[in-house]
Amino acid sequence: MASALSDKLSRLVKEMRGQARITEDNVQDMLREVRMALLEADVALPVVRDFIARVKDKAMGQEVLGSLSPGQALVGIVSRELAATMGQGISDINLQAQPPAVILMAGLQGAGKTTTTAKLAKHLIEKRKKKVLTVSGDVYRPAAIEQLKTVTKQAGAEWFPSTPDQKPADIARAALDYAKRQYFDVLLVDTAGRLAIDEVLMREIKELHAILNPVETLFVVDAMQGQDAVNTAKAFKEALPLTGIILTKLDGDSRGGAALSVRQITGAPIKFAGVSEKIDGLEVFDAERHAGRILG
Ligand code: GDP
């Protein structure tokens, strides 16, 4: 990542090399470059401000001022802070629960919840050797239930039927009961999304959370959402104790600044990244690599 970073910042590092001392002006110049890069990557403004303030605090300390190569020390601080903010080294899905371990999928319509539910099912079957059941609580769009059925089949998991005339809470109870009786290891619950946050949606997903007591509550967010990801993340964090994030559509051409925003707003680790429409297009999120992408 240091190399990706230095593309942007190497000029400043070079300028600083010849100087006997680092000045506050140098630090400001450097931070201005970093700020620009983050904004270009669509990181939300308040998140950029926070990040820059943290880096500045560290940069103005002895570590940089007394360093032999102040420019490089500063680059190091930026790199480490970015990767740390996005949570390098965070692990896989937590399944430590009395089976079935329930995973609740939350997010706006179109974020990629249904697709990601199937991707996760496949991951848990193949990599963790689990017996996986999926169910859709999206009673507002009959097509959504059918879509989950189709992709669940592709994943090699079992699909629990639901219909638009049922209440999501009843579907959740029935699926949980079935999963227990049939000794499933994991129950993946896809939920209804909306185009924008609304009260009814939030009340409903809170109720599902209370019924299901999930071991993972995953917030699925579209990397292309850019600045808007912040408001969505805030609303879901207020409604639910999020345990992880899945960033979808990273195969698109966004610089993926949403990762930094969403991570900072929710405090939850980014566990996976969606990298294609296909069922196997799911990767463990790599914060260092992503930091390089954000900085361009
Ligand atoms: P939901 O409304 O949140 O359930 O979203 P869907 O799972 O239906 O996904 C919405 C659209 O995004 C579909 O066309 C998916 O194929 C697509 N999609 C989901 N994840 C990814 C991804 O990681 N990459 C790409 N390119 N497309 C994705």
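The ligand sits in the largest pocket of this predicted model. A pocket is an open set of points on a 1 Å grid over the protein atoms alone, with protein on both sides within 12 Å along at least five of seven lines; lining residues have an atom within 4 Å of a point. A molecule sits in a pocket if more than half of its atoms lie within 2 Å of the pocket's grid points. Because the model is predicted, local features need pLDDT of at least 70 and side-chain atom pairs count only at pLDDT 80 or more, while totals for chains, interfaces and linings use all residues. Residues are numbered from 1 along each chain as its sequence is written, and side-chain values use heavy atoms, with hydrogens and water left out.

The shell around the ligand holds 17 residues, and those that come nearest are Gly110, Lys113, Thr114, Thr115 and Asp251. Helices (H or I, at least four residues) and strands (E, at least two) are DSSP runs, numbered from the N terminus. The shell comprises three nonpolar, eight polar and six charged residues. In this classification, Ala, Val, Leu, Ile, Met, Phe, Trp, Tyr, Cys and Pro count as nonpolar, Asp, Glu, Lys and Arg as charged, and the others, Gly among them, as polar.

| Residue | Protein atom | Distance to an oxygen atom of the ligand |
|---|---|---|
| Glycine 112 | backbone N or O | 2.9 Å |
| Valine 275 | backbone N or O | 3.5 Å |
| Glutamate 277 | side-chain N or O | 2.9 Å |

On its own the ligand has 580 Å² of accessible area, and the protein covers 80% of it. Accessible areas come from the Shrake-Rupley method with a 1.4 Å probe.

The largest pocket has a volume of about 330 Å³. Here a volume is the space filled by probe spheres set on the grid points, which are joined across faces, edges and corners. Of the 23 residues that line the largest pocket, Gly110, Ala111, Gly112, Lys113 and Thr115 are the closest to its centre. By class, the lining of the largest pocket divides into three nonpolar, 12 polar and eight charged residues.

The second largest pocket has a volume of about 150 Å³. Its lining includes Leu250, Val275, Phe285 and Arg293. Both β8 (282-284) and α12 (287-295) give two or more residues to this lining, with α12 giving the most, three residues. The lining of the second largest pocket has five nonpolar, one polar and four charged residues.

Two backbone features remain to be described. A cis peptide bond, with omega about 0 degrees, joins proline 99 and proline 100. Proline 100 lies in the loop between α5 (70-86) and β1 (101-106). Tyrosine 183, a residue other than glycine, has a positive phi near 55 degrees; tyrosine 183 is placed in the loop between α8 (168-181) and β4 (186-190).

Terms used. A residue is near a molecule or strand if one of its heavy atoms lies within 4 Å of it. A polar contact is a pair of N or O atoms within 3.5 Å; within protein, one must be able to donate a hydrogen and the other to accept it, and residues adjacent in sequence count only if both atoms are side-chain atoms. On a 1 Å grid over the protein atoms alone, a cavity is a set of points where a 1.4 Å probe fits but cannot get out, and a pocket is an open set with protein on both sides within 12 Å along at least five of seven lines; lining residues have an atom within 4 Å of a point.
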